[in-house]
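Please read the points below alongside the model.

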Amino acid sequence: MNQENAATTAQLDSGVPNFSVLLSSTSRGARLARLLAADQLRTWELPTEAASHVVAELAANAAIHGRHPGRSFRLTLYVIGSTLRIEVTDTRGDRRPKLQEPDTDAESGRGLLLMDALADRWGVAEDRFPRKTVWAELRLPRPERAPTGSGGARD
């Protein structure tokens, strides 16, 4: 069975909307993480743009810097209240992301800066060695109230 299809979860019994998938630590796995996350967020009728960028960065980092031959990474999304939490777990607990300014002529190294700008909070949680989880939280917009038809402007 393909690792990309090995494990997905749509919702826990607790009623907390969540999604989790195990993906190969490759550029294909990172791209698939972004696509699956965007699809799940659309299913939940949540905004996708900022979250897709955050997932893309965390998944790319897991595939590039968190890669360990033969090991996968896990993408998990869940919503608690008005917060979307994105987690990416890989098997390189010894390699923690560091926010730093890249050289002005560098062609890469700006992804964490972008994620830092888009996320309300983010961090790294140590897991059972050798794993680590890099997480980010995004506040969700309040749903718009439907007009009631009373108290508004008159024609």
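1. The buried residues of helix 2 pack against helix 1 (27–43), strand 3 (72–80), strand 4 (83–90), helix 3 (111–118) and strand 6 (132–139); contact means heavy atoms within 4.5 Å. Helices (H or I, at least four residues) and strands (E, at least two) are DSSP runs, numbered from the N terminus.

2. This is a predicted model, in which local features need pLDDT of at least 70 and side-chain atom pairs count only at pLDDT 80 or more, while totals for chains, interfaces and linings use all residues. Residues are numbered from 1 along each chain as its sequence is written, and side-chain values use heavy atoms, with hydrogens and water left out.

3. Among the buried residues of helix 2 are V54, V55, E57, L58 and N61 (buried is under 20% relative accessible area, exposed over 50%, partly exposed in between; 1.4 Å probe, protein chains only).

4. There are six salt bridges, each a side-chain nitrogen of Lys or Arg within 4 Å of a carboxyl oxygen of Asp or Glu. R85, E87, R121 and E137 form a network of them.

5. R85 pairs with E87, with closest N and O atoms 2.8 Å apart, and with E137, also at 2.8 Å, N to O. The E137 pair joins distant parts of the chain, strand 6 and strand 4, 52 residues apart. R85 is buried at 17% relative accessible area, and E137 is buried at 14%.

6. E126 and R96 form a salt bridge at 3.5 Å. E126 is exposed at 68% relative accessibility, whereas R96 is partly exposed at 42%.
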